[in-house]
4 protein chains.
Amino acid sequence: MQVEKYIIEGHNNDLLTQHTRKFDFVAADVPNVKTVIQKLRDFQVAIPSWALGTGGTRFGRFSGGGEPRSIEEKIEDVGLLHSLNQSGGAISLHIPWDVPENAQAIKTLAAQHGLRFDAMNSNTFQDQKDQQHSYKFGSLQHVDKAVRKQAIEHNIDVIKHGVELGSDSITVWLSDGSCFPGQLNFRKAFQRTLEGLQEIYAALPANWKMFVEYKAFEPNFYSMTVGDWGQSLLYATKLGPKAYTLVDLGHHLPNANIEQIVALLLNEGKLGGFHFNDSKYGDDDLTVGSINPYQLFLIFNELVEGMDARSMNHASDLGWMIDASHNVKDPLEDLLQSVEAIKIAYAQALLVDTKALQQAQDSNDVARAQEILQQAYRTDVRPLVAEARLQAGGALQPLALYRSAKVREQLIKDRGQKTVATGL
Amino acid sequence: MQVEKYIIEGHNNDLLTQHTRKFDFVAADVPNVKTVIQKLRDFQVAIPSWALGTGGTRFGRFSGGGEPRSIEEKIEDVGLLHSLNQSGGAISLHIPWDVPENAQAIKTLAAQHGLRFDAMNSNTFQDQKDQQHSYKFGSLQHVDKAVRKQAIEHNIDVIKHGVELGSDSITVWLSDGSCFPGQLNFRKAFQRTLEGLQEIYAALPANWKMFVEYKAFEPNFYSMTVGDWGQSLLYATKLGPKAYTLVDLGHHLPNANIEQIVALLLNEGKLGGFHFNDSKYGDDDLTVGSINPYQLFLIFNELVEGMDARSMNHASDLGWMIDASHNVKDPLEDLLQSVEAIKIAYAQALLVDTKALQQAQDSNDVARAQEILQQAYRTDVRPLVAEARLQAGGALQPLALYRSAKVREQLIKDRGQKTVATGL
Amino acid sequence: MQVEKYIIEGHNNDLLTQHTRKFDFVAADVPNVKTVIQKLRDFQVAIPSWALGTGGTRFGRFSGGGEPRSIEEKIEDVGLLHSLNQSGGAISLHIPWDVPENAQAIKTLAAQHGLRFDAMNSNTFQDQKDQQHSYKFGSLQHVDKAVRKQAIEHNIDVIKHGVELGSDSITVWLSDGSCFPGQLNFRKAFQRTLEGLQEIYAALPANWKMFVEYKAFEPNFYSMTVGDWGQSLLYATKLGPKAYTLVDLGHHLPNANIEQIVALLLNEGKLGGFHFNDSKYGDDDLTVGSINPYQLFLIFNELVEGMDARSMNHASDLGWMIDASHNVKDPLEDLLQSVEAIKIAYAQALLVDTKALQQAQDSNDVARAQEILQQAYRTDVRPLVAEARLQAGGALQPLALYRSAKVREQLIKDRGQKTVATGL
Amino acid sequence: MQVEKYIIEGHNNDLLTQHTRKFDFVAADVPNVKTVIQKLRDFQVAIPSWALGTGGTRFGRFSGGGEPRSIEEKIEDVGLLHSLNQSGGAISLHIPWDVPENAQAIKTLAAQHGLRFDAMNSNTFQDQKDQQHSYKFGSLQHVDKAVRKQAIEHNIDVIKHGVELGSDSITVWLSDGSCFPGQLNFRKAFQRTLEGLQEIYAALPANWKMFVEYKAFEPNFYSMTVGDWGQSLLYATKLGPKAYTLVDLGHHLPNANIEQIVALLLNEGKLGGFHFNDSKYGDDDLTVGSINPYQLFLIFNELVEGMDARSMNHASDLGWMIDASHNVKDPLEDLLQSVEAIKIAYAQALLVDTKALQQAQDSNDVARAQEILQQAYRTDVRPLVAEARLQAGGALQPLALYRSAKVREQLIKDRGQKTVATGL
């Protein structure tokens, strides 16, 4: 299923007058509006293959209809999103859920949709059918060398798949850890995990990056062997220049100051990328920007400031990916909302008057610093994001068009009511 | 599979000298040791049918072998536990996981194992095959009357099953809530839920209790419609004298003072019972006493004090149940450890010098109050618990005997390596 | 010190063209804009006397200059704020920090500034010089009847002061609780506290309300005797129709869903009022809207919906007060920012398309419900708030005018650099 | 005031029979009991000078009587504690609260009490009278070089005092951070702080250590510039081999796994020492072991395992200090309880069957691993700790003797009822 170009154009024409009025209003106060629009156009967020189906919890999963049944259909779904918002020009695959049988064909299909392959994801937190060793007690941390070997080889295999598809990075998320005091020797678990990562690192092609993702808890509930940014940074530093820390917004203890972590990792040259989502209690995997959009803005504020200070390219020098998955929304609608929230936060961060902020900071003018940040945040930047989308050939209101074009209904017709995509 | 009486006796004989030395040592300092032992004997903890199989998380489930395949085998497992520790003389069933096809036969089987049927559990958090309406958006809170009706009828059906089995209570845990701001009208959701509970309440036999369980989050991650003890108490009060609040230790926000909640609910005459487990981050469902055993003791200290103040019978006036479920231990070993931890905490609470404590409180002698509590807590009461077990015909060291008798190996032989019990 | 009317008018004239452009833009999409403006005009937030000086932490206090040295100067400061934003037309006094020696004169002074006296606050968490009994171990919960009596009499005394000033409510915040397990008998502490509150309640004039404030922790770090909304509601219900629960945004456990609490208390007819502030970790007492403005909006969304459902008057049927206090901003600037944040959130809530939201809820259209809420929240409502201020005679940009008029410099000149206001 | 040797002996003689019975009972099951006792004797915990007076919160302070009025009286108090428990043979001073006017005399006084000087503590979180620059906006992070210089010089001054007294380490705890988003540039604050620490580091004598203490929040409530172990480790690593991370148990986000942090820091060779206390919500500074004694045991379990793996001397290769301070207990009683709790946890950790634990870990026998830990933890080790104390010349029951000897009454007689020690 695709939304034809002429349908998007029709949608845009209907809304153009209204859009222009709003865009002109907000643009009038943005000094460098062309640059801002261009940055917004360039900024692409990768869509994870597993977010295309309804997620679940340990208590149950309530699948919707028309979920993609194959890697080809997943690429189609991301292509469809991308055609609507021109902001999701990459897909992030998960092995073994998305093993491409014919890499060349898959690559061609993706290219037809304007998509590239973002970071590859390995899976050593589940046992697959016919898998020789179990990950019940961990993978790279495991006391049994055979299990570790299996996990290492799986990761190297994932890299190989990625090379064939033109990806240039691998995200290693380990669920390794323990559920009870005494279960693990923390020191040895760290050491074994480091050695496993080193073997995987050694298999990286020259231009590849490895992202070491951390998580505070779940599915292990006493300790996690890559549990916070400090641990991830230790691994990444010991591994070498191609290893970086990946920040998933939902993987922290309560009340953590994530924006500070981001700033410090950037300062160390070790921030690799992001998994965007939102949460209230834990790794709730909710729609980006649905719970605390100000925090998302503050994170982007650090990103813009920190990347500019290091002359980094916003669009390409870090990995941007959504990682969300839950029960109650149409997954494609959820992704449209998530991408929109990310671009709004990015646009707001681009509007921050950095010179004035620096002056306020240099004079300890705390009230003024807050005014400057909130001036950017309170501005309704949605017309800027829409304009960037319009210029790139996307829809002014992707979600509205998705609904009026009856995309989900068509997908259900094509694929059936009872499909269940791979994922959590 | 059963552990024969003579095997238990052999085990006890081997350990008796050692046990007697330890028991005599600790008993020498316990003024009312006979009463304590009797109370420990009387105190029975119900075993939930779903804790007999390996639990899982949304990331995966790693089943062990020999898990029970039917309600009969679940009863056998609880019977086996009970024969070892003489402390798990009840089973708590979950409908529809444990629908008894022949209630009379099941009742007889349970009686043979010395078991009674504790609180029945309903399930409106999952969709069952061939279920007409989905609980994707809640059950009793649902905007659609038909869904609510289905949920109400299911609960009434559960009560009927319970009546047939001789149970006298139902635990209603609702996963109802919302994942996103705006999804629910909190007020109306509360009202609809209350009305549903009222219909179920109306179907309770005269001697029955209804336990309204609360939970702070999961599987809904923005709001829960029975989210804390305050809400549960509101429902229970509006429902009437047969409705009570049920406290699950893992269902709180970080840092909650659970023992104070317990004391206040007791004071209101509205504490109904417990789901025991332990946790570090959320509803981790870990073995009781594995993370914070002092908190468990403090809870029992409030229970003993508060129940005595109301002349309640420790063993029978509240519902005691384990609710744990996780990945990495043999479920039966886990349950043996959990029951042991509960009885240790109960024994410690029975040793508290309540008169001295009251004096310390009445003179604001905080250091002394702490000394009194810790004097009981630091005492190694395991020989008291073992003695109670010995007198009741159980094993001095249930877990050791479980292992030496190779129970799990036998269960695997009987039932197979690849069985998967119903549950989370 | 006052900001003269002509200065405000000059300020407004300079900004009028710019304001009109922005107001017209946003007003064009607000159907009932006149009503919204009127509601914003009517909505007044009480300023607590202790927020007029720099706050502190247990680690230190860094006073600024020109802090008010007397109740008269505190009234002047609030009057000054009110002249700028026409939104702070009430002051909330704290006894014994603000004992009025001549109530009539104080009342007249307040009236000159257009101020009324909001809820009175008692203090039983500190020992005052020459106080007979110490509150070291609590006040209303205390084991010693003499201490309880002293605390009760103090509260009755506060009511008397309030009557003289024309206030019609008292906020009772008790720091009572315990720092260590065993220190308190929770049950008896609850009972004694209830009895104390009953005596105070009995002294309330017919038209008065009592607000029972709860707090999760601090300054007691094991238990609080009015620790959460459930406990507060228990007290308020047992007390009678003039007793209500007061919600302070910073007084919750991590991750609490405050908006749901608000909705449920409203539904029970027991919500009394608010203490506004913001926080990241605990009772941080930061500027309203500085950490999580979306949560503030969600709270106002529940307030508007729930009060409308009960036909309550937004401006007068609940008590609205700021309770913030910290180290690093000019207190008056902080209060201007806080009031602005409150009115922005209120304005956003007034813009919510309630009919559409109800439809979305009734059809479980979660994505749409989020769109509706965020449509209101993303709208830049600052011109609406400014217009309401303009119409009422306030300044278009209060903080900017406060700075350009050099208010703080003048206060320092008048009062000195080394003044220290009473407060925390 | 001192407790004479003969009084201690009398006390011990009265209790000896009872003690011997208990000691013999527990010792019978400890294979290497002599070694354990010796390790317990060697293990000394430093007492901070500020814990000798009643602490307070921002809401108030309720001083007790007889608090030390000078550094000499503080040394006397620690000496008194040490004479009772033979476990607090060091004092940790805080500058400027404890500036020694005559270092030699102070050193002699301490020696008379058998005390050495543990880590020195600097203070850049408060403004002292006549201090030129304010720390309102931080110290080493400050944007103004003059403030940073003042803070650096103060720390170097503290080192000088320490050298005179024979101390060999400095603990640098910075309250630096921010209360509001935008207030700080995180990157630059980190960089400035690092440079300041480098200057202080350069002033360290050859045999000195610098402990970099971290804290998650308070007194800054948005960000802390040394906010977690990851940040502290970054500083310590960049500083050099004499810099280490110091862990204060109360300085973490909710639910943090502190024992894992300890294990990893030890593994990196960067753990410097401890500030012991206990807490439920934040930096509550409660008596050690009063809230979660099992966690304390788990931390000691990691310490013993990790130090043994690196052949470190338990008693001398890390810094052990209490850092607690609160309202409701006699400070000396509080310290006796805290030291006792530390030694109990240490004793329990020494009893862990490390070989069996390693076997359990190597075979993923999680239930067994828990049994092994809890076997040590459930053992009533108080007689072992008492025996170590007895052998060293201390009292069998220090707190009981403190009370029966009426120490506090005597201190009040000597020093007065209304003394207030320096501190928080």
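**Close-up views of a predicted four-chain model**

**Figure 1. The interface of chain D and chain A.** About 4400 Å² is buried between chain D and chain A, and carbon and sulfur atoms give 57% of this area. The model shown here and in the other views is predicted. Chain D brings 50 residues to the contact, and chain A brings 50 residues. The interface of chain D and chain A holds 4 salt bridges. One of the ion pairs is formed by the side chains of Glu305(D) and Arg187(A), at 2.5 Å from N to O.

**Figure 2. A stacked ring pair that joins chain C and chain D.** Over all chains, the count of aromatic pairs comes to 80. In the view, the ring centres of Tyr281(C) and Phe217(D) are 4.4 Å apart and the planes meet at 5°; this is under 30 degrees, so the pair is stacked. Tyr281(C) sits in the loop between strand S12 (271-276) and helix H9 (293-309) of chain C, while Phe217(D) sits in the loop between strand S9 (209-213) and strand S10 (223-224) of chain D, so the pair joins two chains. Tyr281(C) is buried, because its relative accessibility is 8% and the cut-off for buried is under 20%. Phe217(D) is also buried, with a relative accessible area of 12%.

**Figure 3. An edge-to-face pair within chain D.** The ring centres of Tyr294(D) and Tyr377(D) lie 4.7 Å apart, with the planes at 65°, so the pair is edge-to-face. Tyr294(D) belongs to helix H9 (residues 293-309) and Tyr377(D) to helix H12 (residues 366-378) of chain D. The two residues are 83 residues apart, and their pair links distant parts of the chain. Tyr294(D) is buried, at 0% relative accessibility. Tyr377(D) is buried too, at 5% relative accessibility.

**Figure 4. An aromatic cluster in chain A.** Ring pairs connect Phe43(A), Phe274(A), Phe276(A), Phe300(A), Trp320(A) and Tyr346(A) into a cluster.

**Figure 5. Lysine charges over phenylalanine rings.** The charged end of Lys329(A) is placed over the ring of Phe180(B), at 3.7 Å from the ring centre. Lys329(C) lies over the face of Phe180(D), 3.7 Å from the centre of that ring.

**Figure 6. The annotated domain in chain A.** An unreviewed UniProt entry places the feature "domain: Xylose isomerase-like TIM barrel" at residues 100-285 of chain A. Over these residues, the chain is 37% helix and 16% strand. The end C-alpha atoms of the stretch are 26 Å apart.

Figure 7. Most peptide bonds are trans. The bond from Glu218(A) to Pro219(A) is cis, with omega near 10°. Pro219(A) is in the loop between strand S9 (209-213) and strand S10 (223-224) of chain A. In chain B, Glu218(B) and Pro219(B) are joined by a cis peptide bond, with omega about 10°. Pro219(B) lies in the loop between strand S9 (209-213) and strand S10 (223-224) of chain B.

**Figure 8. Positive phi in two loops of chain B.** Most residues other than glycine have a negative phi. Gln86(B) has a positive phi, near 50°. This residue lies in the loop between helix H3 (71-85) and strand S4 (90-92) of chain B. Lys406(B) is not a glycine, yet its phi is positive, at about 55°. Lys406(B) sits in the loop between helix H14 (398-404) and helix H15 (407-415) of chain B. With a relative accessible area of 48%, Lys406(B) is partly exposed.

Definitions and conventions
Residues numbered from 1 in each chain as written. Chains lettered and ligands numbered in written order. Predicted model: local features only at pLDDT ≥ 70, side-chain atom pairs only at ≥ 80, totals over all residues. Heavy atoms only, no water. Phe/Tyr/Trp six-rings, centres within 6.5 Å; stacked < 30°, edge-to-face > 60°. Helix = DSSP H or I, 4+ residues; strand = E, 2+ residues; numbered from the N terminus. Buried < 20%, exposed > 50% of the residue type's maximum accessible area, 1.4 Å probe, protein only. Lys NZ or Arg CZ within 6 Å of the ring centre and 35° of its normal. UniProt positions renumbered as here; feature names shortened; annotations may be inferred. Contact = heavy atoms within 4.5 Å. Buried area = accessible area lost by both parts, 1.4 Å probe.
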